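Dear colleague,

Here is the structure I promised to hand over to you. Please open it beside this message and follow along as you read.

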Amino acid sequence: MPKKPTEKGMGKEDIKLQTPKGMRDLIGEEYYRYQGFFEKASEVAIYYGFQPIETPILESEGLFYHSVGAHTDIIEKELYTLRTKGGDRLALRPEGTAPIMRAYFEHGLQSQPQPVMLYYHGPFFRHDSPQKGRYRELRQFGLEVIGSSKSITDALVIRLVNTILTEAGLPDLTIEINSIGDRDCRPIWKRELVNYYRKHAKEICADCRERLKDNPLRLLDCKNPKCQTLKIAAPSVISYLCTGCKQHFKEVLECLEAMNITYTINNNLVRGLDYYSRTVFEISMAPAEGEADGLPLALAGGGRYDYLSRALGSKKQVPAVGVAIGADRVLAAPGVANLLPRLIKKPKIFFIQLGTEAKMKSLSIIEILRHTKTPIAHSLSKDSLSAQLGIAEKVNIPYAMILGQKEVIDNTVIIRDMRSRAQNVVKLDELANYLKTLKA
Ligand code: AMP
């Protein structure tokens, strides 16, 4: 027998009939909008040779600790963690790249032709303060190209995000791009950055003083007005890139130009996660007129992560590049297209069943309709003809199909045109052919 919950917050009187803060139900039109966007994005990815992948919502906590980085906001402040009854420490996934890299090794994908190109979508969890465009349960669509260091793969990923967002009806995009170097050149730049900010430690915000100790590149990410002037004279990464990184960055930019993709170089773009190397980029839309904070809203972000494989314990370095698109922000953006999923179909017939026998028989008749791809609506709990006809009129469905006791015995149904009110009795074994003659 399960024990009666006695802990605080577990009694019936404590149940709140609402989603947890920062999380939402997707119902009706909104559900279809998300599904439509994911279908469109998946379609673009499939045509470019990407394969689907789905990983669990829960992963071991250590996976994120060693990949995203211990001194990042995601790990320090935002990770949802839990201990299972068996004692395992798990975390709700805050992002998709580390789980996919885990899956790449777990399933031996390194023995497949490289690069392995994967796409995914689903919910992710970050315990942040909810506000406009920021949820605790967020939904992303992502792409990962694993097993190539070639600059063309960076450009491919940027091109695809650009295509997906443009097809979602968002043409006015800003693509910001930067290179944050590799393990040869980045430490030198980082040292110079730390020296510079140490000299100005009194002028920066409290968060930045912490960043200076734990994650100095994030100093360049700070949005606090107090820290903006200092950024201008901060050592710029571009002057510290080694020959290899400079060449790689140059090639990525050349590929983008060859594809007519407009970009802006932003040397202060570093992105929050530890595993990035070389290319980092962010795609945003200008804020809507009259927006209070006036900051552009990032719709997607990504970059190269050549060192993630090693951080996860692999002996071999597996270079890779990827991107995540924030579906919640895309679907809230002004002007976004209404991309409906392929599977939704407006009901063509309202199926009226009169009495218990008819209700029972109706389920096998729905099979005939399903095989002829005729979507229906019906009301299994209503018995009277007038109540059911009333619903059919209200929801504006062109035909009604009536199954009463007589029709059950005769193996027939009545088809009624809701506009002209003309009715026809149709034998069940002729129903499939008859349905083909009905206009939508
Ligand atoms: P990230 O995984 O942090 O690189 O984020 C990729 C994209 O996901 C961002 O550009 C946003 O569009 C979106 N995103 C990130 N965090 C949130 C959040 N808390 N709520 C909604 N969307 C988010």
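**What I found**

An open sheet of three strands has the order 2-4-3, and its pairing is antiparallel. At the edges of this sheet are strand 2 (58-60) and strand 3 (81-83), each of which pairs on one side only, and the twist from one strand to the next averages 35°. Please keep in mind throughout that this is a predicted model. Strand 3 and strand 4 (residues 89-92) run antiparallel and are joined by three bridges; if you look for Leu82, you will find Leu90 of strand 4 standing opposite.

There is also an open sheet of eight strands, in the order 1-5-6-11-10-9-7-8, and here the pairing is mixed. Strand 1 (51-52) and strand 8 (264-265) stand at the edges with a single partner strand each, so one side of each has no neighbour in the sheet. Strand 8 pairs with strand 7 (residues 173-179) in the parallel sense over two bridges, and within this pairing Thr264 in strand 8 is the bridge partner of Glu176.

Which strands run antiparallel to strand 10? One of them is strand 9 (residues 277-285), which is joined to strand 10 by seven bridges, with Ala300 in strand 10 as the bridge partner of Ile283. The other that I can name is strand 11 (residues 320-326), joined to strand 10 by five bridges, where Val321 is the bridge partner of Arg304. Strand 10 (residues 297-304) is itself mostly covered, since six of its eight residues are buried.

**One arginine to look at**

Leaving aside neighbours within four places in sequence, Arg186 is in contact with Ile180, Gly181, Leu217, Tyr276, Ser277 and Tyr307.

In helix 13 (residues 385-394), the buried residues are Gln388, Leu389 and Ala392. Why do they fall on the same side of the helix? They cover an arc of only 100° around the axis, which puts them on the same side of helix 13. The face turned away from this buried side carries the exposed residues Ser386 and Lys394. Among the elements that cover the buried residues are strand 12 (349-353), helix 12 (356-371), strand 14 (399-403) and strand 15 (412-417). Just after helix 13, you will come to Asn396, which takes a positive phi of about 60°.

With best wishes

Definitions and conventions:
Residues are numbered from 1 along each chain as its sequence is written. This is a predicted model: local features need pLDDT of at least 70, side-chain atom pairs count only at pLDDT 80 or more; totals for chains, interfaces and linings use all residues. Side-chain values use heavy atoms; hydrogens and water are left out. Buried means under 20% relative accessible area, exposed over 50%, partly exposed in between (1.4 Å probe, protein chains only). Helices (H or I, at least four residues) and strands (E, at least two) are DSSP runs, numbered from the N terminus. The arc is that of the directions from the helix axis to the C-beta atoms. Contact means heavy atoms within 4.5 Å. Two strands pair if DSSP finds at least two bridges between them. Axes are lines fitted to C-alpha atoms, for helices over the stretch in contact, and angles run from 0 to 180 degrees between N-to-C directions.
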